[in-house]
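Hello,

Here is the structure you will be working with. My notes follow below it.

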Amino acid sequence: MKKIVLFLAFLLFWQNLNASDSALNDDELKKMIGRMLIVGFDGESVDERSKIVKQIQKYNLGGVILFDRHFHDRTKTKNISSPQQLKTLTASLKSFAKKPLLISVDQEGGRVARLKPAYGFDATPSAKVVSEMDEYMTKHVYDSLAKTLKNSSINCDFAPVVDLALNPKNSVIVGLNRSYGSSPKEVVKYSKIFIDSLKNENIISVAKHFPGHGSSLGDSHEGFVDVSKTWSEVELEPYKELIKLDSLSMIMSAHVFNSKLDEKYPATLSYNVNTKLLREKLHFSGVVVSDDLQMGAILKHYTLKEIVTLSINAGIDMLLFGNQLATQDIDELIELIFIQVKSGEISYERIQESNKRVELLHKNI
């Protein structure tokens, strides 16, 4: 009888120990998933009670993205209203983070700028305007921008755009003057100056939008964009050259569909594009980040489960949810990815692989 009691006590102890280990492993896995996320949030300031702060601390989120205005109400401030306010916000975010945190913005210049002169920041010209400058003036422009970002404690800029201006009817890139031109050589020249200016201030640059958005007719913010008939391999040239120059530590995927590269999925969800082409053929070893996964080109055609599973399996290392075009609960998102890993739909090895790349990236900030 005594032996039976001892055996049952040992069995109970072993079960509790295993349960504890399992819980610990689950928590660690969720933090690893959290490192793969860049998320947007509402608010010009944060404190220990803020939802985003609790999520950063609970999941070790990889990064946040800041916007000046709400997408659906341009009169309403989201995260940025003045240099001092922004500096206070970024300092607070860093102070609450237990691990290095990407604090990112879209600051290209021209029409795409979250730090605007109206709020007290220096103006930066568009890529098209810059392309008409000499190298000395271009360096001056981007050195100034880099210092502004540094002073604001922004350590990641979703720029430069390396899309080629191949289609004059393109509204989202060419129409907004976001491209340096149609020549890969010129695009590389100006992009490299931008990247180097950011690098000198320990700011991570993000080349976009792979494998090319400059020939498209549609806008992936709105819905499905097919570039199969307009895209050409020349659009890969800026990436090839910048990778050879070891200039790129981060590349953003495009949500464009291109049957020449993948007959089924748009680039962000495509293993052919992100792994076979970008990793294996072009030899990119840095972090691949998705464009905002709440854009119409993705969200209107796939479930959240499909989006996260396909993108991670395709080779995307960091998933961007701007919470600008839509609202995504982060706890629900992490739980969904967690379940997919546990079920084997997403391999644990992919999570580890992305975490290693993210860890190396964070060493640069």
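Helix 7 (residues 237-244) lies across strand 10 and strand 11, and runs at about 140° to strand 10. Helices (H or I, at least four residues) and strands (E, at least two) are DSSP runs, numbered from the N terminus. Lying across rests on contact, meaning heavy atoms within 4.5 Å. Axes are lines fitted to C-alpha atoms, for helices over the stretch in contact, with angles from 0 to 180 degrees between N-to-C directions.

This is a predicted model, in which local features need pLDDT of at least 70 and side-chain atom pairs pLDDT 80 or more, while totals for chains, interfaces and linings use all residues. Residues are numbered from 1 along each chain as its sequence is written, and side-chain values use heavy atoms, without hydrogens and water.

The sheet: 3 strands form an open, parallel sheet in the order 10-11-12. Its edge strands are strand 10 (207-210) and strand 12 (287-289), each pairing on one side only. Two strands pair if DSSP finds at least two bridges between them; strand 11 (residues 250-253) and strand 12 have 3. M252 stands opposite V289 in strand 12.

The loop between strand 8 (156-157) and helix 6 (184-200) holds N167. N167 counts as buried because its relative accessibility is 11% (buried means under 20% relative accessible area, exposed over 50%, partly exposed in between; 1.4 Å probe, protein chains only). Among the residues that N167 touches are V174, G214 and L217, not counting residues up to four places away in sequence.

Regards
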